[in-house]
Structures are given as C-alpha cells and as structure tokens.
Amino acid sequence: MRVLEVKGLRAGYGQMEIVSNVTFDVGDREVVAVVGPNGSGKSTLLKAVFGLCRVFSGAVLFKGEDVTRLPPHKRSRLGMAYLPQTGNVFESLTVRENLMLAAHDLGEEEVGKRLEGVLSLFPELGGLMRRKVRTLSGGERQIVALSMSLLRNPSLVMLDEPTAALAPRLVKQALKRVVELRDEAGVSIVLVEQNALSALEVSDKALLMVSGTVKFWGSSRELLEDRELAKTYLGL
Amino acid sequence: MLDLLVGALVYSNLLALMAVGLSLALITCRVSNFAHGDFAMVGVYAAYTLSVVAGLTPYAWIPAAFAFGGLVSLLAYLLVFEPLRERTDLVTLMVVSMALDMVLRYSLHVYADLMQQWLRVYTRLFMFDDFLVEAAGSRLPGVLPASTAVVAALLASLYVLLYKTRVGVAMRAAIENPGLAEALGVSVERVFALSWFLSGALAATAGVFLPFRIMVSPDTGWSMLLPTFAAVTVGGIGSLGGSVLGAYLIGFSETVLAYQLAQVGISTAYRPLLTFAAIIATLLVYPRGLSGLWSGKGWSLRRRS
C-alpha cells in the first residue's frame, strides 16, 4: 500500500488556485523531492496535502484512507507530520515544552520511550532542554522542529525547505540527515527544497513543479539526467 | 483617605480580572470583545438570583457566577467567534462583538424584569449588603479581603494552569502559532474554547464584587469596558502580566483623580477622561505598553503576527 496518494489535486487560497491537477504518490520509506522554481506552488502543495489550505478538487489518501476533508490535527493523529519552512517551533516555549507539546496526547511512559528514541537520533538536544527556543541557532531550531515531528511517530514527514535557515556548508549535511531519518526512524519523506541538486541526490523520486502544475514525475536520477528540464527549470 | 485606598484596591482587583479575561479573548481570536462587560453582569445576576433564592451571601455564589459567566462566554465563542475566526477581518469581529453586546445586554434587561416579577426584588440600581472586618483599629468592608483573596487565588491558578500543566503548554502554543499547534495534533478550537470559558468566568467573578461598591444595572458592564480596555492597552495588548499591572495602574489613578476632581469642585463625570488619555498616550508614545519592558520574559503571551 502507498503511504500517500495525491490524485488530481487543485488547491489554493480564497478563490485563487495555486496548485492545479497534481498527482503523485509516496511509497513506504521513500524520499520524494518536490523541486521547482520560486513560486511554483511547492509549499502550497504540502499545505494542501496537510489540510492547511483550500482544496478545490482532487483527493488525498493516507495509507488508503481519504483524508481530504480532515482537519490538520486529525491528519497528525493518523501519522502525518508537516514541518513548515518558518514558524515550525514555538519560540516562547523551552525545548522541553516544545517536545512535550508534540507528545501532548501520549502517556508519560510512551513519551519517555519516544524521547529516548529522538535523543538517540539527535544527542545534541539533551543539553538544550531548558533553553527557550528563541535563543537557539537556525540549525538547532530545525533539529527541535524535526524532533517534534518524530515524537509523534509519524509514517510520513513532509518537510518544507528544512535547509532554508542553514549556512550553505550545512545544507548537504542536513539533507544527509534526512536520509538517515528515513533509514533509522523508518518514515516516508516528502521534501520541498530550493536546493534542487542536493535534494535530488538524496531522494528516490522527484516531482518537478512549474507554475502550479507537474512538469515531471519520476525517479530523481531520471530528472537529473534530463539535461533540458534540469537546466531550464532547476538551473543545474 | 483609607476609604479612598480601599475603593482603589477593590476597583483595581475587579479590573485585573476583567483585563486578564479580555486579554485572553484578544490573544486567541484577536477580537476586541465589546461584550466582555456583559459577562461581568452575567456573574452579578447569577450571584444575585442564587443569593435571593437560597438566602446566602452573594460571596457564596462566586463559583456559580464563575461557571455561568464561563458558559455564556464559551457559547459566544462556539456560536459566534469560532465560525468567524478564520473567515473575517479584525474590524468585522469587533463589530460582531458589539452586536453580541447588545444581544446580551438586552437579554439581561429582560431577565432583570422577569426576576423582579418572580422574586419581588429590585433588579436595577441595587447593591449587595457587605460585612465589615476589623483590621488595625479600622473597620474595613469585607469586599476588600474577599476580592483580594479571590483575585490572588484565580491569578495564581491561571499561572499554574498556563505554566505547569500540559493543557497550559498547549494553550500557550496555540496562542503563539495556531497553525503549528494544529499540525502537531492540538485541537486549537478546544484550546481556544477553554480560553474563552476562562475569559468569561474571570469577568463574571469580577462582576460579583461590583454591587458591593456601586449600584448596578444590566448596563453597568458597558461602563466597565473603557477602564478594562485602558488596563489592557497600558499593560500591553495581549500580555496577561501586563494586563494585571495595567489594571492596578488605571484603577488607582482613576480613583485618586476622581477624588481630586471632587476636592476642587469639578464633576467626577470627567473621570473617564484620564482613562481615555491613558489609552491615547500609550498608543502614541509606547504602543507595546508596560509589557514591552519585559517582552519575551515572564508572564507574556503573544501571538505571532
């Protein structure tokens, strides 16, 4: 069974359609990169899949269940996780409070177990627990945000430009971490990324979006090898 | 002079509860709730009715007033503000709250008429009988220790709820970034509903103390709005700690100014002038209010813009 299936999705804000007729799917432990020029609707697509913007038509299926009309908090409880590009942590809360919030509907024993798992993935979190998130660096905040998603034990994590706040030298390292996440936490990942080359290198499949529509859907290697598409739309 | 201080402290206590309640509505739905004063009057009439029927002092019915006010506020949120929260702008929400004020106020008038008919008591321009306490050779009205103790207990409980419980962390998170809280499985609607319950409950509790100091009618809540908005503005819009501080500043200044006006033979009808001046001066000079001085630290909840 596919973890995520998106069928003919048309979505946007108010009356404005930003994403038109998008179809793709994500398999178990698969990394799908969503790439494309600025303003092509990549972030809106993730929001639509998670229920954060208006869906005009089409369907979103999570593990075979139609979630198109479910509110985000219910999708989250089913095992979908979404990490926005900005505002993905609560700045006025401490790291511990952020993590506790992510696990707010779990029993204490379960929280402890999952926290242990997250700390084994990101040991640096241990020393940051009492600090307010607003005092952390961009990279540290991304780790907190990612940990919050993982605490919910999701089957699917959707990351909107996770490297946006990072120094260029850290981008590759961060994306490598994303793949490790897939392998160690056993999750499927949808990755929206401005840094197309790095994203395509670590992903299994690629969705190239241009002006809200799908220009390419297939293996990442294929897209990298398509010189025309890569040069025209990704500047590679 | 002692009476002046007592009056100022009691008035400030009421304002503190009203202002914290109003702030809760502001930081959740961003609505400047003009119906907030009516929640106070719901508390007054709930306590009055129960005390007449059961024959106990209105102080005994503070928990019931808390619950009634919270319930009315919760219904206002669920039926009016929640459906509009994401669909409309702030000005529309404010106008909607004005309409709600009229509905609630005139419903209270109807209730006052019915209560007068059924229970044979005055339901407009009435006051509650208070008890007196001996302290340091003076006789003080019971409303002073009662309101001070209730305000201290409620604000301390609210602090514990917000900072020491999981529900509180969820509330603070949903206030700061509702979208992200929702993405993490928090039902923002439920969290905001709780905030609105508390908002109305605090106002209703404040209301119970009002008739111990002044004569009240269903319109009294409306007249409490101006100083409440002033306390919230001076304290820093959206800051709970600031609202408490603003309430004591406005409460004491207003009371002392009214006293001074009376001393020099000027009508105390000019009392609201100071309140208006405080709002305007704050917005012009330092719009972040007192909480701007410690923003980001302590008891300061703000929503991301």
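Q: Which residue in E4(A) stands opposite A:Val6?
A: A:Val60 stands opposite A:Val6. The model is a predicted one, in which local features need pLDDT of at least 70, side-chain atom pairs count only at pLDDT 80 or more, and totals for chains, interfaces and linings use all residues. Residues are numbered from 1 along each chain as its sequence is written, and chains are lettered from A and ligands numbered from 1 in the order in which they are written.

Q: What makes strand E1 and strand E4 of chain A a pair?
A: Two strands pair if DSSP finds at least two bridges between them. Strand E1 (residues 4-13) and strand E4 (residues 54-62) of chain A are joined by 7 bridges and run antiparallel. Strands here are DSSP runs (E, at least two residues), numbered from the N terminus.

Q: Why do strands E2 and E5 of chain A stand at the edges?
A: The open sheet has the order E2-E1-E4-E5 (chain A). Strand E2 (16-26) and strand E5 (65-66) each have a single partner strand, so one side of each is left without a neighbour in the sheet.

Q: Why is chain A called as compact as a globular protein of its length?
A: The globule rule is 2.2 Å times the number of residues to the power 0.38, and the radius of gyration is taken over C-alpha atoms. For 236 residues the rule gives 18 Å, and the radius of gyration of chain A is 17 Å, close to that value, so chain A is as compact as a globular protein of that length.

Methods: Helix = DSSP H or I, 4+ residues; strand = E, 2+ residues; numbered from the N terminus.
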